[in-house]
Amino acid sequence: MIGFGLRLAIAGGREALTRLVIIAAAVAVGAGLLLVTLAGVNAVNAQLTRYASMYPQASTGGDADPLLWSTREDYFHGKQIIRIDVAATGPNAPTPIGVPTTPGPGEYYASPSLQKLLAAQPADQFGDRYPGRDLGTIGSAALTSPDVLLVIVGGTPDAVAKLPQAKQLTSIGDNIPALPETTVDLILGVVAGGLLFPVLIFIGMATRLSAARREQRFAAMRLVGATPKQISVVAAVEAAAAAVAGTALGFILFFACRGWLASIPFTGMSFFPDDMSLGVLDVVLVALGVPAGAAVAAQVSLRRVRISPLGVTRRGTPRAPRAYRLIPLVLGVAVLAFAIGHRPETSDGQTAVFLPGLLLIMAGLVLAGPWLTMVGARVMARRASRPATLIAARRLADNPKAGFRAISGIMLALFVTSVAVGVITTIVANRGPAPIGSTDAGTISTAFYGDPPSVPDTLLPELRSIPGVQSATVIHLNPVRDGEPGVIACTDIPKAYGRCTDGATVATVADNFIPYRESASSTRIWPAASVSAEDLQRLPVVSIVVGTDGSAAALERSRTVLSLAFPTFWVAPHAPGDFESDFADQLRGWEQLANVIIIASLALAGCSLAVSVVGGLTERKRPFSLLRLSGAPVRVLRRVVALESAVPMLAVAVVAVGMGFLAAQLFLKAQMHYTLTAPSVGFYVIVVVGLAACLGIIASTLPLLERITGPETARSE
């Protein structure tokens with residue numbers, strides 16, 4: 001029967017061959033996207049692992065001489081630079097990954113992107129921070145991305161040992177800290193929920209093309225003596241043959257486009273092509289899983305044939321979905337709402353609350369989809385004023401599961417991405433960088449922790465001589481722990497940052513003149529400090545603050561001067577927006593990934609709908625032909641088909657986005673006490689354009705209606 005099934009699939013006439021080619025092409029697209037998704041997850045995990053390797057844990061033991069290691073962060077124009085200081089304590093010390101030898105004092109290796117930046121910028125703004133000899137380029141084995149800015153600087157053992165968080169390493173590569181599970185879970189959850197499900201729906205829809213036609217053929221085979229087992233084998237062979245060809249083509253497409261895909265910064269950073277790799281399990285999963293899934297889909301489509309060879313002609317209205325399908329959706333919302341005011345203290349406890357709540361909502365949306373489709377169809381039928389609207393509504397109400405099946409993937413994708421975009425937009429709005437051109441953005445400060453250094457006499461005059469610098473101020477440590485951490489003489493407070501309260505000689509101030517979560521202000525009144533002017537100079541220095549006109553040259557020259565004056569800094573000289581900008585850039589990278597998933601899922605939904613429309617037209621060409629013979633214009637039939645596809649898709653999009661924003665609001669309120677900030681116009685534009693593209697794909701299938709619904713079809717059927 002296997003050979004017979006292959007002959008039917010390949011040599012069964014032009015219709016069978018056309019069906020085979022269409023299914024294979026559709027499966028190739030789906031399998032290729034599935035491979036890209038799996039490879040993308042592997043690439044992101046590789047990025048996270050390499051990033052974690054820059055912050056290794058101390059290791060001891062063995063015969064190797066220790067390698068001293070200290071990782072710190074620097075900034076340039078809002079971009080993060082990872083600086084690793086190393087020093088070998090002996091000839092047998094391990095070598096950092098990505099470089100041939102450990103750099104000595106006055107030597108360094110730089111990533112390709114950092115080398116380009118060093119060559120393009122004036123030395124007094126950037127290059128002077130890394131004096132010495134450039135030994136070459138850091139290899140990709142140590143880089144998270146081709147765009148990462150990384151420098152490995154050599155030093156003496158005594159100097160590196162005094163740096164913050166310095167540690168001894170006797171081995172490299174086996175002491176990487178574990179990846180944060182929440183980060184990996186977020187990646188896998190967004191990708192799996194947002195893209196894998198639409199891909200699998202698309203593959204399943206493709207393998208069901210002309211299902212009704214095949215049911216009739218298999219029913220005829222049953223009538224002439226074929227057993228249910230033989231029919232099952234033939235159906236599985238036909239579906240698997242197309243799926244195998246499509247899967248093979250999907251692998252070819254993936255490897256042909258891998259280099260181009262790796263260069264796209266889906267998460268804000270591009271990938272190395274080798275990181276877009278597939279594991280053995282990934283290859284086996286796709287190579288065997290897709291054909292197996294196609295065979296299962298073929299088996300499911302033959303339920304009526306296995307019941308009775310006449311089952312395909314006895315088509316009744318399926319049982320209507322019940323309202324109990326809404327229960328998981330309501331429970332999920334209730335769980336998230338309960339978390340407001342009852343949030344667990346531990347991260348494991350929070351995960352145990354938020355994750356089940358979101359999963360319940362996702363499952364509830366899929367389960368409630370057919371019921372919502374049925375309710376919407378009945379409402380549309382009651383308000384229908386045209387024949388096309390009434391016919392489309394009645395068909396959707398009779399079989400809402402079939403109407404929802406093709407767009408179930410888009411519902412889940414829009415929900416997941418709406419949650420992600422809503423949460424990310426709100427966090428960025430509350431914790432994002434200072435606005436460009438503000439006093440905050442024009443302030444550079446360096447803070448000292450532990451044993452504060454002495455300030456060189458030439459430092460402040462050197463800073464004030466830089467063009468664009470308006471003030472350079474030393475702030476001392478407040479001996480009173482309650483309140484702001486710094487104290488300063490009232491006469492030394494720059495006008496841009498406020499003044500003392502009346503009658504005070506010494507004031508308590510923020511260590512950069514900008515209180516937490518506030519902005520710099522020339523009208524701010526700083527309270528008096530319980531420190532005399534005589535005692536002030538004997539207090540240790542807590543920070544140095546440089547006020548500039550906000551120009552990039554003044555900011556970076558000041559940062560370079562401070563970095564050279566205090567080379568053992570724990571926290572690099574920074575502007576108020578640097579830390580927040582780095583954090584916001586990471587979040588925007590995930591937001592960009594969410595937008596990519598929206599676009600891909602909408603495209604897949606459009607293709608799934610197109611396949612569903614074509615399959616539906618093929619199955620119903622006789623009823624449509626009879627309607628045409630009875631006088632129904634082709635434009636009315638086209639409107640019926642368009643409404644059957646477009647109305648559920650648009651309704652599902654509104655419900656999914658609305659539920660996504662509701663879940664985001666509940667999560668933000670419970671976890672961070674934030675109120676949801678509406679996403680930018682770009683999010684809505686992407687959704688609207690994607691939905692319009694889906695409608696365009698559906699419209700492209702409508703010309704087929706006129707060709708297959710002629711009078712000859714009614715006679716021949």
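In this predicted model, Leu249, Ile252 and Leu253 form a nonpolar surface patch of about 260 Å². One of these residues, leucine 253, belongs to helix 7, which spans residues 228-262. Its relative accessibility of 38% places leucine 253 in the partly exposed class, because that class lies between the 20% limit for buried residues and the 50% limit for exposed ones.

Charged side chains give a second view of the structure. Side chains of opposite charge can pair when their charged atoms come close. Twelve salt bridges are present in the structure. One of them links aspartate 124 to arginine 557, with 3.1 Å between the closest N and O atoms. Aspartate 124 sits in the loop between helix 3 (112-120) and strand 4 (133-137), while arginine 557 sits in helix 17 (residues 552-565); the pair therefore ties together parts that are 433 residues apart in sequence. Both partners are partly exposed: aspartate 124 has a relative accessible area of 33%, and arginine 557 has one of 23%.

Glutamate 556 and arginine 129 are both buried.

A further salt bridge joins glutamate 518 and arginine 524, whose closest N and O atoms are separated by 3.0 Å. The two partners fall into separate accessibility classes: glutamate 518, at 43% relative accessibility, is partly exposed, whereas arginine 524, with a relative accessible area of 15%, is buried. Elsewhere, salt bridges with shared partners connect Asp74, Arg129, Glu556 and Arg559 into one network.

The surroundings of tyrosine 108 complete this account. Tyrosine 108 is part of strand 3 (residues 107-110). With a relative accessibility of 9%, tyrosine 108 counts as buried, because the limit for that class is 20%. Beyond its neighbours within four places in sequence, tyrosine 108 is in contact with a set of residues that includes Pro103, Leu118, Tyr130, Pro131 and Gly132. Also among its contacts are Arg133, Asp134, Leu135 and Gly136, together with Val151, Ile152 and Val153.

Methods: Residues numbered from 1 in each chain as written. Predicted model: local features only at pLDDT ≥ 70, side-chain atom pairs only at ≥ 80, totals over all residues. Heavy atoms only, no water. Salt bridge = Lys/Arg side-chain N within 4 Å of Asp/Glu carboxyl O. Helix = DSSP H or I, 4+ residues; strand = E, 2+ residues; numbered from the N terminus. Buried < 20%, exposed > 50% of the residue type's maximum accessible area, 1.4 Å probe, protein only. Patch = residues over 30% accessible without salt bridge, like charges linked within 9 Å, V, L, I, M, F, W, Y side chains within 5 Å. Areas by Shrake-Rupley, 256 points an atom, 1.4 Å probe, with all protein chains shown as cover. Contact = heavy atoms within 4.5 Å.
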